[in-house]
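Please describe this protein model in a short report.

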Amino acid sequence: MDESDALATAAAEVWPAATELLGEGELESFASEVLVGLRALEAAARTAREAAAGPDGGGAGEDAAHEAEEAAAAARRRVAVLFAAHPPLGDRLAAEYRALVTGHERRPTEAPPGSLPYLRSLIVPVLYATDRDDASQGGGTDGGFGGGRGELRWGKALVGIPDDHRLGATEKPRRWLLRFRSSPERDVVLGGTTELTAEGFGQEARSLLDGSGPRQLLVFVHGYNVGFAAAAVRTAQIAYDLGFTGVPVLYSWPSRGGVLSYEEDANNARWTVPHFQDFLRRTLTGCGADVVHVIAHSMGNRVLTEALAGFDTTALPAGAARLGNVVLAAPDVDADVFRQVAPALVDQARRTTLYASSRDRALGMSRRLAGYPRAGQSGEGIVVVEGVDTVDATALDTGLMSHSYIGDHSSILSDVHAVLHHGTPPAGRFGLTAVGHRDGTYWEFLPRRR
């Protein structure tokens, strides 16, 4: 990544902090100035590259190339000055920029089985099951799936992870960076889907597991306001960032993918439970895995907890896979209901981990709608039950809504990595400290030094 691209990418990473730091009027002015600066930077960088290569690849002369690079450097300085005028944005921009130009992006030592290099991206296969309706005939672009109810279907999606992917990020086009279309060498994108039969799903899983080490699946269950493509991308990104060498699997229930569709999503999360139980039964018995890990996010935890409350996976025939680590991320589940069903989870899983935060604004809104605290909220009413490792992530800077930290924050990903790969209990995981509670002990992240 050259210096101009690195600065533009760093600006994109720092931009969410600007939306929190600046007032509405100041933000609008700042955005306008940054956009002009980035346009100038893009033009200057393009000119510099063309001057260096020349029309026939032989260069445009040393003086012309030097002048073009000087212009590009001046454009970079102008963008940097804009951010530096609003501390601490300048410091954050500098840190992001340095990390990019020095090549500190993390890459897993191994990719998921079946992954293939393509252009400047890695194509990661994600198996999926979904009971969304078919939107392919109506011109839908979300992987061919809508937000309505349908029959349970099976398939494989291909997700591209760019070479310069950064831990915890799902890179995508940002309009203010003048990139209107997804580019596989720069963005995490859904490349396409292939429908399979239920039997074909199992065969594909076994084939991929034959090329992996441990015979393990990682199932991701998304939450409210999530479309199919976004869920597939998140599944691949989490598996990639965790260095998971088994097979990533998505269960996608019919979320409308709209902010105003909360109640409809909540109804669909209940409606999908029998389908999820069928999916889980087939996954545990028909894929050739030894262990199946599950990560559920937000409202997806309603799907998981209700399913396991009425389905004992330990009673499956001999030879079936067993549930390994169950990770409940920001669960949008009634806290008292969770306390009632928690024993069913604990009895079936090797380890159950719950991540909560008192900064989670999305769960704050859910609490106001439901009238009762959510299991993903911390504070005085934090959920502490026997057999569940509750981790309070409030001390971490988890973004504007503080809700998607399971896939966005490096400290959370590192903690899940220790759980998933080594089964390490909280007492042995870096950055956690024990907190006494009337119902037992929970754990919290130590505040990070800024």
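## Helix α11 and its neighbours

The buried residues of α11 pack against α7 (262–271) and α9 (300–309). Buried means under 20% relative accessible area, and exposed means over 50% (1.4 Å probe, protein chains only). Helices are DSSP runs of H or I with at least four residues, and strands are E runs of at least two, numbered from the N terminus.

This is a predicted model: local features need pLDDT of at least 70, side-chain atom pairs count only at pLDDT 80 or more, and totals for chains, interfaces and linings use all residues. Residues are numbered from 1 along each chain as its sequence is written, and side-chain values use heavy atoms, without hydrogens and water.

## Two faces, two ends

Helix α11 spans residues 361–370, and its buried residues are L363, G364 and S366. They lie on the same side of α11 because they cover an arc of only 160° around the axis. That arc is taken from the directions from the helix axis to the C-beta atoms. The face turned away carries the exposed residues R368 and L369.

D360 caps the N-terminal end, with a side-chain oxygen 3.2 Å from the backbone nitrogen of A362. G371 follows α11 and has a positive phi, near 90°.

## A buried aspartate

D332 sits in the loop between β8 (322–329) and α10 (335–348). Is D332 buried or exposed? D332 is buried, with a relative accessible area of 2%.

## A hairpin

Strands β11 (residues 432–437) and β12 (residues 440–445) run antiparallel, joined by six bridges. Two residues lie between them in this hairpin. V435 has Y442 as its bridge partner in β12.

How values were computed. Contact means heavy atoms within 4.5 Å. A polar contact is a pair of N or O atoms within 3.5 Å; within protein, one must be able to donate a hydrogen and the other to accept it, and residues adjacent in sequence count only if both atoms are side-chain atoms. Two strands pair if DSSP finds at least two bridges between them.
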